[in-house]
Amino acid sequence: MTPKVVRRIAELREEIAAYRRARADAQVGLVPTMGYLHEGHASLIRRSAKENGLTVLSVFVNPIQFGPNEDYDRYPRDEARDLQVAEEAGADLVFMPSVTEMYPEKPRTTVRVTGLTERLCGASRPGHFDGVATVVSKLLHIVQPDRAYFGLKDAQQVAVISQMAADLNFPAEIVPCPIVREPDGLAMSSRNVYLGPEERRQALILSQTLSQVPGWIEDGMTEAELIVRIRGRIRSQPLAEIEYAEVATYPDLGHVPADRPLRESREPLLVALAVRFGKTRLIDNVLLSPPEVNSSCFGK
Ligand code: AMP
C-alpha cells in the first residue's frame with residue numbers, strides 16, 4: 001500500500017494517535033533516516049514492518065548534525081525514489097518535515113551524550129552527535145514508538161542513541177540492525193553516489209580489509225599490530241586518505257590495551273574506519289563478540 005506522506009508534526013501525531021485508538025495491541029516502529037534510501041534503509045523498514053503494526057519512516061536531512069564544511073547542501077535528495085523504496089519495504093507513514101517544521105527557531109536545547117562521543121566520528125566531526133541525539137530525541141518524542149531501528153553501519157551512533165534512551169528513560173526499544181553491503185562488499189551508503197568510478201573501485205579496500213580482521217585477531221594480533229596492518233592495507237589504494245582506524249570496546253567505546261592479543265578481550269570489540277576518497281567520506285566497521293572474538297557479520 002502507498003504510504004501516507006506527512007509533513008507536519010501535528011498531523012503525524014494525529015495519525016499515530018488514531019492508529020493507537022483503533023488497535024488495543026498497537027505497536028509502532030520508527031525508522032529515522034536522511035533519505036536517498038537504499039537497501040540498508042529498506043532492511044530497517046522491513047524489520048520494523050515485521051515487528052510492528054505501524055511503521056513510521058522519517059526522512060529529514062538534519063542540518064544541525066552537519067559541520068560548517070560538510071556536505072549538508074549537496075547531500076543527495078530524491079523524494080519520489082524514497083517513496084517508492086518506502087512503499088516496497090512496507091512503511092505506513094513517511095514523515096518528511098521541512099527544516100522550519102523541525103526547527104521553527106534555533107533550538108536552545110541540545111542533547112549531549114558524554115563519554116561515547118569523544119572518539120571515532122565524534123573526534124573528527126565535533127558537534128555531530130549532539131545534532132544526532134537532539135534530532136532523534138525530538139523524533140522519539142513526536143512518534144513515541146515502541147521500537148526504533150538503527151543500522152550498525154553507524155555503530156557509534158547506535159551506542160550513543162542506546163545510551164541516550166537509557167539515560168533519559170525513552171520507553172522505546174532501540175533495535176540495532178546489521179550492515180547491508182553491495183554484492184562486492186562496499187557498505188551501502190547514500191554518500192556512495194559521490195564516488196567517481198576509480199574512487200568506487202578503490203573504496204572496496206575498506207570491506208576487504210575489515211573482512212580479514214577476524215582472522216588477524218584469531219592469529220593473536222594486538223591492537224597496535226592490527227592498526228598497522230589495517231593502515232598498510234588501506235594505504236595500498238592511492239586515493240584513500242585515512243581519517244581514523246581504531247579499535248574500541250563495544251558499546252562503551254573504551255580503549256583496549258595496545259599490547260595484549262585482542263582475542264583475549266572479554267568485551268565485544270568494534271574495529272571502525274573512516275576514510276576519504278576525494279571529497280567523499282566513507283565509514284565502515286566490524287563488530288566482534290567474545291568469547292570467539294572472531295565471529296563477525298562477515299561471511300556468517
Ligand atoms: P542515514 O540516512 O544515512 O542517516 O541512515 C539512516 C539509518 O539507516 C541509520 O540508522 C543508519 O545506520 C542506517 N543505515 C545506513 N546505511 C546502512 C547500511 N548499509 N546497512 C544498514 N543500515 C544502514
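Pro 251 sits in the loop that links S7 to strand S8 (269-277); helices (H or I, at least four residues) and strands (E, at least two) are DSSP runs, numbered from the N terminus. The structure is a predicted model, in which local features need pLDDT of at least 70 and side-chain atom pairs count only at pLDDT 80 or more, while totals for chains, interfaces and linings use all residues. Residues are numbered from 1 along each chain as its sequence is written, and side-chain values use heavy atoms, with hydrogens and water left out. The peptide bond running from Tyr 250 into Pro 251 is cis, and its omega is near 10°. As a rule, most peptide bonds are trans, and most residues other than glycine have a negative phi.

Leu 120 is not a glycine, yet has a positive phi of about 50°. Leu 120 belongs to helix H5 and counts as buried because its relative accessible area is 2%; here buried means under 20% relative accessible area, exposed over 50%, and partly exposed in between (1.4 Å probe, protein chains only). Gln 144, again not a glycine, has a positive phi of about 50° too. Gln 144 is in the loop between H6 and S5, and with 51% relative accessibility it counts as exposed.

Now for the ligand. Its shell is made up of 17 residues, with Met 34, His 41, Asp 154, Val 180 and Met 188 the closest; a residue is in if one of its heavy atoms lies within 4 Å of the ligand. Strand S2 (28-33), helix H2 (39-51) and strand S5 (147-151) each put at least two residues into this shell, and H2 gives the most, with three. Sorted by class, the shell holds nine nonpolar, six polar and two charged residues. In that tally Ala, Val, Leu, Ile, Met, Phe, Trp, Tyr, Cys and Pro are nonpolar, Asp, Glu, Lys and Arg are charged, and the others, Gly among them, are polar.

A side-chain N or O atom of His 41 is 2.9 Å from a ligand oxygen, and a backbone N or O atom of Met 34 is 2.9 Å from an oxygen atom of the ligand. For Met 188, a backbone N or O atom lies 2.9 Å from a ligand nitrogen. On its own the ligand would expose 480 Å², and the protein buries 92% of that; these areas come from the Shrake-Rupley method with a 1.4 Å probe, and for residues only the protein chains shown count as cover.

A polar atom of the His 41 side chain is 3.0 Å from the backbone nitrogen of His 38. Beyond residues up to four places away in sequence, His 41 touches Thr 33, Gly 35, Tyr 36 and Ser 190, where a contact means heavy atoms within 4.5 Å.

In soluble globular proteins, nonpolar side chains tend to be buried together. Setting aside neighbours within four places in sequence, Leu 12 is in contact with Val 6, Val 56, Leu 93, Phe 95, Ile 142 and Val 143.

Thr 117, in the loop between helix H4 (99-102) and helix H5 (120-124), counts as buried at 13% relative accessibility, and its side chain reaches the backbone oxygen of Val 113 at 2.7 Å. Ser 236 is in the loop between helix H10 (223-235) and strand S7 (240-249); its side chain reaches the backbone oxygen of Arg 233 at 2.5 Å, and at 44% relative accessibility Ser 236 counts as partly exposed. Glu 241, in strand S7, is 34 residues from Val 275 in sequence but 5.5 Å from it in space, C-alpha to C-alpha.

Conventions: Polar contact = N/O pair within 3.5 Å; in protein donor to acceptor, adjacent residues only side chain to side chain.
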